[in-house]
Every structure is written in C-alpha cells, then in structure tokens.
Amino acid sequence: MGTSTSSKGPGSKSPLVPSWADNDGQGPGNNQLEQRFRGFRATLGQAVSIGGGSTDTLKKALGHYAKSATGGKSNGARRFSSMISGGGTLFDTLRSLQSGTDTNSLNISDLQGQPVDVVIDKIIESIIDVNGDSERIRAAMNEALAEALDGLSTFDFSKITDDIIVDMMINYLTQCIFEQIILDSKTAFDKADTPEKVEMIESSLLELIKTSVDLNFGSHLENINTLSKQDIETIQKNAIQDIWGEWEDHLND
C-alpha cells in the first residue's frame, strides 16, 4: 500500500474498457457518464478528510465506483479482463507446481530449494503479459504469492496446499481491485493531512474489498481440484459482477 497520493488516474473521457482489456471484442463499453469519476472521488475525499476512515462513507465511495466510475457491473467485470486472465494463469501455474509438474516456462527442478522471493519473481515473469495493467497485475501477484508462501524460506512444491492456493487467489483478486481503485482515485487522497491518515484509509478500504471478495469469490473455491483455468476466470468475472452489485446497493443504504 501507500501508492495513492496524487495518483495519475484516468479521466472521464477514457474508455470504460481499454483496448488491452477488451478480450471479448465488445469495444470500450457503454453507459459512460459525463464526469463519471466525480461521485467516487468526491466521496472518497470526504472519507479521507474525516480522517477516521468512516466505513459508511467508504462504502458509498465504492458504490459510486461500481455504478458510475466503471459503468456498472457488466462493464466493471470487463474492465478487469486482463487481470482475470492473469489470475487464471496464476492459478493454473500454482496447481501445476503443487503437483510437481513443469509448466511451459518453469521447471520444478530449477525452483525446488531456491529462495522463495527468487521463485516468486520467476513465477511472475513466466505469467505476466505487457499491457496497461501489467504494473497492477505484477503488484497483485507479488503480494498474493508473498502472503501465500509466508513462512517458507526456500521453495518446496510439496508444501503448497489447496488452502494456500485458495488464499492466494482471494488475495490476488483483492489486490487487483484495490490497486485499480487506488489508481482511479487520482487526487482524492491529497485531502489527507498526514501519511498516517492515508495509510489508515487505505487499510480500511482494503479490508472492505477483501470482505467482499471473500464472500463473492472465496465461497466458490471450496474444491479447487475440480476447477480449470477457464473455471477460475469465469468465477472471478462473476464475483466482480456480484461485488459491483453489492457495492451499488450501498448507495441505497
């Protein structure tokens, strides 16, 4: 965390779905409102200026983000297409490594016994595609893998449990959404008068996002042995749509 102040976020005229995320070929999306970020950034700025990270105010900000800033749940899910695809590949890679199987670009024998941070870098490099979301995908994967493999000094594929993979996927999607929201916040965090306030609001925002991801994504990961890469991508997409619907309901509270 801690990357929010004066973020160079997109403007209202930027497409809801940028070209690199247009995996379904449906174009930049519809339902794009004039000043679509205004409600989200203004409400988030209110939460920042209050300083205590009012949960109700942050929920309202997320409601504006889902409904207006990203154009609703269908456009919102499409905006995250490249991150969803990255999540599918991350899942597939860890499932292969868990079983002791080489991937297209990773050999178990080259990873086994290596320092965990080195292995994390190799895993990410084997997955990442260069596009407008690469920076956020890389950050989300790094955070998710570091948390999942915490406690291991060297890599051992036999230590990768189903629970580790589930936690990794929940953290990955949480971080993707969080990183994108921080980018889209632009100057909202400038209203904080101390770095500590920024960190406090970021922590509160991250916790709200993780709670929603746990509920709408984690609940579908009970038996990962039956899930394919495509399944994980579909589950992520559906989860984002459900999360966006949940957040839009905050505007009616």
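Asp 214 is partly exposed, with a relative accessibility of 32% (buried means under 20% relative accessible area, exposed over 50%, and partly exposed in between, with a 1.4 Å probe and protein chains only). The model is a predicted one, in which local features need pLDDT of at least 70 and side-chain atom pairs count only at pLDDT 80 or more, whereas totals for chains, interfaces and linings use all residues. Residues are numbered from 1 along each chain as its sequence is written, and side-chain values use heavy atoms, with hydrogens and water left out.

Asp 214 forms a salt bridge with Lys 210, in which the closest N and O atoms are 3.4 Å apart (a salt bridge is a side-chain nitrogen of Lys or Arg within 4 Å of a carboxyl oxygen of Asp or Glu). Because these two residues are four residues apart in helix α9, about one helical turn separates them (helices are DSSP runs of H or I with at least four residues, strands are runs of E with at least two, and both are numbered from the N terminus). Lys 210 is partly exposed as well, at a relative accessible area of 27%.

Across the whole structure, eight salt bridges are found. One of them joins the side chains of Asp 22 and Arg 78, at 2.8 Å from N to O. Asp 22 lies in the segment before α1 (38-50) and Arg 78 in helix α3 (residues 73-79), so that this pair ties together parts 56 residues apart in sequence. Asp 22 is partly exposed, with a relative accessible area of 21%, whereas Arg 78 is buried, at 8%. Together with Asp 24, these residues, Asp 22 and Arg 78, are linked in a network of salt bridges. A further salt bridge is formed between Lys 197 and Asp 193, with the closest N and O atoms 3.2 Å apart; Lys 197 is partly exposed at 22%, while Asp 193 is exposed at 59%.

Helix α9 (residues 195-216) packs with helix α10 (residues 229-249) at an angle of about 125 degrees, and their axes are 9 Å apart (axes are lines fitted to C-alpha atoms, for helices over the stretch in contact, and angles run from 0 to 180 degrees between N-to-C directions). The contact (heavy atoms within 4.5 Å) is made by Ile 209, Ser 212, Val 213, Leu 215 and Asn 216 of α9 and by Ala 239, Asp 242, Ile 243, Glu 246 and Trp 247 of α10.
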